Amino acid sequence: MIDADFEVVRDEAPPMSLARGATLVRRARAQLGVGTSTWWFVLPALGLYAFIVLIPTVRGSYYSFTDWDGLNPVKHWVGLDNFTAILHDDAARGAIKHTVLIAIAIMLIQNAIGLLLALGVNSQIKSRNILRVVLFAPAVMTPVVVAFLWQYLYTPDGAINRALGAVGLHGLERGWLGDTSLALWCIVVVIIWQFAGYSMVIFLAGLQSIPAEITEASAVDGAGAFRRFWYVTRPLIAPAITVNLMLSIIGGLKLFDQVWVLTGGGPGYATDTLSTLIYRNAFQFGEFAYSTALALLLTVFVAVVSGAQYRLLRSQEYA
Amino acid sequence: MNRYGWRTFALEIGMIAVTLLFAFPLYVLVNLSLRPEGQLSSPLAIHWPPTFANYSSAWHQAALGRAIFDSLVITVGSVAVVVIVSSMAAYPLARSTARLSRWTFGLFMLGLLLPFQLALLPLYTAMRDLHLLGSLWGLILFYSGLQVPFCVFLYTAFLRAVPRDYEEAAVLDGCTPLRAFRHVVFPLLRPVTGTVVILNAIFVWNDFLTPLLYLSGTDRQTIPVAIFTFVGQYSSDWQLVFAALVMGIAPILLVYFAMQRQIIRGFSGGLKG
Amino acid sequence: MAAVRFDSVSRVFAKELRPAVDRLSLDIPDGEFLVLVGPSGCGKSTTLRMLAGLERVDGGSIWIGDSDVTRVAPQNRDIAMVFQNYALYPHMSVEQNMGFALKMARTPRPQIRTRVGEAARLLALDEFLGRKPGALSGGQRQRVAMGRAIVRDPQVFLMDEPLSNLDAKLRVQTRTEISALQRRLGTTTVYVTHDQVEAMTMGDRVAVMNEGRLQQVDAPKRLYARPANVFVAGFIGSPPMNLRVGRLDRDGVLLDGYRIPLGRDLLARAAAAGAGRDGELVVGFRPDAAELTAESEPGLAVVVEEVEELGFDAFAYAAALDDAAESLHSADIVARLPGDTAVSRGQKMRLRVNPQGIHLFSTKTGESLD
């Protein structure tokens, strides 16, 4: 891995005395620490990061307390006005409710399915490799494309209703995305379809890190399949559980692409989430300050949820 | 346990059935894209002979060739920048134990937690005022900065476990720190670079909202935006739409099937963190 | 406690030409300590795993007591197993590890505690009960693995090379502990090892396997004194038995012109059982039946290549001067040297063999001819 350039330099180095060598090592160690020559390595990354993420975030937090409209350079401090407006706005309250609901539903169902799939793929079945590849494939697909595909499947004349009809279940046919009580769940299904494979893959990594001997020992010790899972497998995949729960809930809270394409927040505002609301308020109504206040709310949500969940789950891990 | 009894066989059948269920939407997608216009029979049945007319129409009308090019430029550009910039930043962060270094690392980690929505609007106005909207450079800049925290995290974690011997040897031999990094440290990071490239490329390629905002009103589009605009115009003609959808995900699926082992490993390697 | 029976048991792994275990039939009476020994790949571990239920049985049947357990799941066989790498549950304490099986059997908690406590005391583990396996040394972990098995009072103990990860001194110590424990508990035990010294010192009976087939099962002494075929002869005993091709003639066997006289009965049996063309057969003799004498004496001409001093004993490794006769193992013949013999490298000597120590085997089948 060390390239030719380095080798040449090595060969040309003159022999040196012990003392001189020691001095050089000390200097090298000092150089490689922070301080003299390498600290500036951080600057390009820091600069980009500050410009794209940090500074706008700080500005955004500030603007959420003003009457910013995105164009006028003059902003007036309005304190908590934007936030009280949120509390009084039905659309906003609905969006918050939907966001939380979607996130929790995804977190629980996607990971349950992912775990079951992982257990299945981790077994002795012969098709495990192909199944793993196919089940994970949706996770790399463009969410927008996935959403359009499912939008079609959900149309009253689309594949789902047709399939139900074909097996004689006409009674189960619905308006799906047009049905205010079902639309949210339809969205949840799409997300789970796309990302169950992702959860599966993370669980698989956890399952494969358990030495086979340990599960065999538990079988010899008298544990049937379910008890083997509960007492031995589950505690040993705790890190995978933590990672999956955190990723899915944070992803669920921030969801935009699929919701926007599938329903645009509709029917009515039945599937609006914080993300779609933020977009609409900013780019369709021009309410930049209000939108940013919503964004700040979302950020706080995510921070609180991740922090709490992280602490809770880490305490479950055995080591 | 190597017991392939009837129970395992039942599991195999069950898993295959579940996978077929998962694959069902994709079957419908490809099936309908190969149908001529106006064919209204059940989406479940295969219509023979298949036609590729939808594909050529969609390709031209959605300007997919151009979109692929634009997506490629943005993806390659931002991934290259982020790899170089993050690996360099990880170097002092991994090696130094000074407080400043630990605080800087913490600052980067903050970015992992922040949802982008809060920065969305102020950054948009900043880009607008700098006349970077509508150009691919703006997006390259955007993704480079956005992905820095995650990549710095991956590189730093990995680099911390790499012994310092190689760098020290290089410096002893007269390398400047930059040369030492380029010739010794960076090659050692190849495993992480692989993961970083894969995860970043997939994310950038598939991203929708920001290109939609930044490139609206211009003739530049990334694939997701091109698909979105196209479907918006032709939404009633599903066969055409589906052909566009298939072409939209074809590049990434091809890469996926070619490199699935590395890709899956890249995604599940996040377990270490 | 129960007897174990293997009835023509086979296991064939997909894509492999020969079975890993080939129609093994073995009867293990109740309470016996049976050792399964053989080189790597001989099928001993696979056999053990089939008994445990961790490996599918492709042919034949396995019986524990009066029940046919061939298709029974491991958790229902009432067996306990000590794994080669111990397989301790890393997230559970020593006490929980040892009590797990009892918990699975829904034993009431106070009883679990008592039984675990007893076993822990027996194995000197009491002070470690609260620790996790990660905080234990190799030897301690091995004892926990043993404890997990003995706490259960199962029908059979299965042990898969439990000593191979221990250092030499600990291995010898633990060997005697395991034997004593088994004698005390009286549970039928099937013990797998690749180390024939372990096999010989621990087993009531030893079953030697090679390439999936059972070669011989017998008490250690008989295995040593009367090996059934060339493989067993060369496997059991350290240093191994010398095996050379020789020829039968009227009065004995010939090794490169050196005649070893044999009794009439033995010669007749050998001839009848089918010595090869030209009366060829395999002649075996252990190092202690071989003696090195001066060049002037009658015997096989050899040159000493190496001398191994073991303190109480010494062995000389010599090569026959006449290369026409090929040896079955290596060019070396091993002879035991009585303590005071001075022999040096390169010295030319003669080898004499005690006729009482001769074993004859067929060159065609490898089977014993005596």
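A residue counts as buried here if 20 or more other C-beta atoms lie within 10 Å of its own, exposed if 12 or fewer, and partly exposed in between, with C-beta atoms placed from the backbone. Keep that in mind as you open this predicted model, in which local features need pLDDT of at least 70, side-chain atom pairs count only at pLDDT 80 or more, and totals for chains, interfaces and linings use all residues. Residues are numbered from 1 along each chain as its sequence is written, while chains are lettered from A and ligands numbered from 1 in the order in which they are written.

**Stop 1: chain A**

Select chain A and colour by burial: of its 319 residues, 47% count as buried. Switch to cartoon view and you will find 15 helices and 0 strands. Helices (H or I, at least four residues) and strands (E, at least two) are DSSP runs, numbered from the N terminus. Among the contacts in chain A between residues at least 6 apart in sequence, 71% join residues at least 24 apart.

Now colour by domain: chain A splits into domain 1 (4-79) and domain 2 (90-314), with bounds that come from an automatic or database domain assignment. Where the two touch, 9 residues come from domain 1 of chain A and 7 residues from domain 2 of chain A. On the domain 1 side, the residues divide into 2 nonpolar, 5 polar and 2 charged. For these classes, Ala, Val, Leu, Ile, Met, Phe, Trp, Tyr, Cys and Pro count as nonpolar, Asp, Glu, Lys and Arg as charged, and the others, Gly among them, as polar.

**Stop 2: from chain A to its neighbours**

Next show chain C, where 15 residues of chain A are in contact with 16 residues of chain C. Helix H10 (212-220) and helix H11 (225-236) of chain A are the elements that give two or more residues to the chain A side, and H10(A) provides the largest share, 6 residues. Here the chain A side has 9 nonpolar, 2 polar and 4 charged residues.

**Stop 3: the core**

A nonpolar core is a set of buried Ala, Val, Leu, Ile, Met, Phe, Trp, Tyr and Cys residues joined through C-beta atoms within 7 Å. The largest one has 287 residues, and A:Phe148, A:Leu294, B:Ile227 and B:Leu245 touch the most other members. Helix H9 (residues 183-208) of chain A supplies the largest share of this core, 19 residues. Centre on B:Ile227: leaving out residues up to four places away in sequence, it touches A:Val144, A:Val145, A:Phe148, B:Ala62, B:Ala244, B:Leu245 and B:Gly248.

**Stop 4: B:Tyr4**

Go to the segment before helix H1 (6-33) of chain B, where you will find B:Tyr4. B:Tyr4 is partly exposed because 15 other C-beta atoms lie within 10 Å. Not counting residues up to four places away in sequence, B:Tyr4 touches A:Gln124 and C:Arg56.

**Stop 5: chain C**

Chain C is divided into domain 1 (4-227) and domain 2 (239-362), and their C-alpha centres lie 39 Å apart.

Pick helix H2 (residues 94-104) of chain C, which is mostly covered, with 8 of its 11 residues buried. Among the buried ones are C:Met98 and C:Phe100. Their cover includes helix H3 (109-122) and helix H4 (138-150) of chain C. After H2(C), look for C:Arg106, whose phi is positive, near 60 degrees.

Finish at the open sheet of 5 strands in chain C, ordered S15-S19-S16-S17-S18 with antiparallel pairing; two strands pair if DSSP finds at least two bridges between them. Strand S15 (290-293) and strand S18 (332-337) stand at the edges with a single partner strand each, so one side of each has no neighbour in the sheet. Zoom in on S15(C), which 4 bridges join to strand S19 (residues 348-353) of chain C. C:Leu292 has C:Leu351 as its bridge partner, and C:Ala290 stands opposite C:Val353. C:Ala290 and C:Leu292 form the covered face of S15(C), whereas C:Glu291 and C:Thr293 form the uncovered one.
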